[in-house]
Amino acid sequence: MIVRLWGTRGSVASPGPETIRYGGNTACVEVRTDDALLVLDAGTGIRRLGTALRDHQGRIDLLLTHLHLDHLQGIGFFEPCFRSDIELHIWGPPSTTLDLRERLSRYLSPPLFPVRLRDLGSRVSLHDVPPEPFSIGSVTVDGEAIIHPGPTVGYRISSGGRTLAYLPDHEPALGASSFPLSPDWTSGHRLADGADLLIHDAQYTEAEYASRVGWGHSSLEQAWAFAVQAGVQRLVTFHHDPSHADDQLDEMLADLQARDGPEVIGGREGLELSLA
Amino acid sequence: MAQPIERILVRHLASRLAVPLFLLDVQGTLVFYNEAAEEVLGRRFDDAGELSFSEWTSALSVRDESGQPLAIDEMRFVKALRERRPAHERFDFTSADGTVRSLEVSAFPLQGQGGSRLGAVVIFWEAAADVAPR
């Protein structure tokens, strides 16, 4: 399984000279195996991925964690959406009110966007993430609701005996009297348990988190505690705050990278990791 | 067993409330109760952990307004939870230290995405003195 990061920024795209190393595009991750191509979220990073997929034919599975704009905004600029030779399967969190098509159409329609969902040129199929694991080729995908405002899922993606856990927007410490509680009572733990690679929300410093409780995101320290409890091999920090410049991210990460425990990697655009 | 997100959120909320609150799973197991509810049960959650339906109901000693013992299995709120309906009732309760208190209880089932059954929440209040038992 090959994992490539195309967008690692949280909340809003933040291009500029101060974010050039970690990148300014919002959430998008490519996951490739011999028989499957998965795209995790459709933030602005998906535009460049689409360009890189010009030679790809057949099926693409786009797995959305939720429908906040920083995870959806790039979908209309993803070239494969407009190609008739592409079979595009879009998966998203179930909702009790509107189905996935209606919710996606709120963005993919005028006045917010000129092209309607039904007018995309590819063969589009929409799926609610089911409560049980499902297969895409030889890949097993397990989605589960996690703590974040609105319907939101995290994913556990397994292939060839290796596992990636993807929880880009996640506030497991919300309301917890101490964090983490036992694994059974920790949001997302089952998805991350023993994963080879965990991509996890690490938007804030501790001081920032104190004034942003309930916004749906984690501090770097909370991401670390979550990763340690889950016993993951590697932690990729993700959903960087748009106000955090490269040098600040380096400083924030340095302390964690010096600790014993999971290897900590600052998520940056272009990073490629192999799970073999 | 990993708890569904809805129950995790209720637990976090409960741990910050001053009113006693029980969180039950679909089998009626008491999977969490908050600090205020420890007084009702006479046990600390950190010590006792989860309690099966028979364990937590046997720990409650309840009487009706005429002072007759009430089988908790027959109480309106327990019946209602089994039928997945909300309920509210009042009863007298002898706490672990022997003090008799009048309590009101509200209970409601939890339903998740796709209609999934997640259990129930039971909240207790001290009954106001000027409110007649029902």
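Trainee: Among contacts in chain A between residues at least 6 apart in sequence, what percentage join residues at least 24 apart?

Mentor: Some background comes before the reply. This is a predicted model, in which local features need pLDDT of at least 70, side-chain atom pairs count only at pLDDT 80 or more, and totals for chains, interfaces and linings use all residues. Residues are numbered from 1 along each chain as its sequence is written, while chains are lettered from A and ligands numbered from 1 in the order in which they are written. Two residues are in contact if their C-beta atoms, placed from the backbone, lie within 7 Å. In chain A, 68% of the contacts between residues at least 6 apart in sequence join residues at least 24 apart. For chain B, residues 24 or more positions apart account for 38% of the contacts with a separation of 6 or more.

Trainee: How many helices and strands are there in chain A?

Mentor: Helices (H or I, at least four residues) and strands (E, at least two) are DSSP runs, numbered from the N terminus. Chain A has six helices and 14 strands. Its radius of gyration, taken over C-alpha atoms, is 18 Å, close to the 19 Å that the globule rule gives for 276 residues, so chain A is as compact as a globular protein of that length. The rule itself is 2.2 Å times the number of residues to the power 0.38. Chain B comes to five helices and six strands, in the pattern α-β-β-α-α-α-β-α-β-β-β along the sequence.

Trainee: What share of the residues of each chain counts as buried?

Mentor: A residue is buried if 20 or more other C-beta atoms lie within 10 Å of its own, exposed if 12 or fewer, and partly exposed in between, with C-beta atoms placed from the backbone. In chain A, 52% of the 276 residues count as buried; in chain B, 28% of the 134 residues do.

Trainee: Which residues are buried in helix α2 of chain A?

Mentor: Helix α2 of chain A runs over residues 100-107, and A:L100, A:R103 and A:L104 are buried there. They cover an arc of only 95° around the axis, which puts them on the same side of α2(A); the arc is that of the directions from the helix axis to the C-beta atoms. The cover over these buried residues includes β5 (86-92) and β6 (123-128) of chain A.

Trainee: In what order do the strands of the open sheet in chain A stand?

Mentor: Strands of a sheet pair through backbone hydrogen bonds, either parallel or antiparallel. Here, two strands pair if DSSP finds at least two bridges between them. The open sheet of seven strands in chain A has the order β6-β5-β4-β3-β2-β1-β14, with mixed pairing. Strands β6 and β14 of chain A stand at the edges, each with a single partner strand, so one side of each is left without a neighbour in the sheet.

Trainee: Which strands does β1(A) pair with?

Mentor: Strand β1 (residues 2-7) of chain A runs antiparallel to β14 (residues 272-274) of chain A, with three bridges, and A:I2 stands opposite A:S274 in β14(A). Five bridges join β1(A) to β2 (residues 28-33) of chain A, also antiparallel; there, A:R4 has A:E30 as its bridge partner.

Trainee: How many residues does each chain give to the contact?

Mentor: Chain B gives 13 residues and chain A gives 14.
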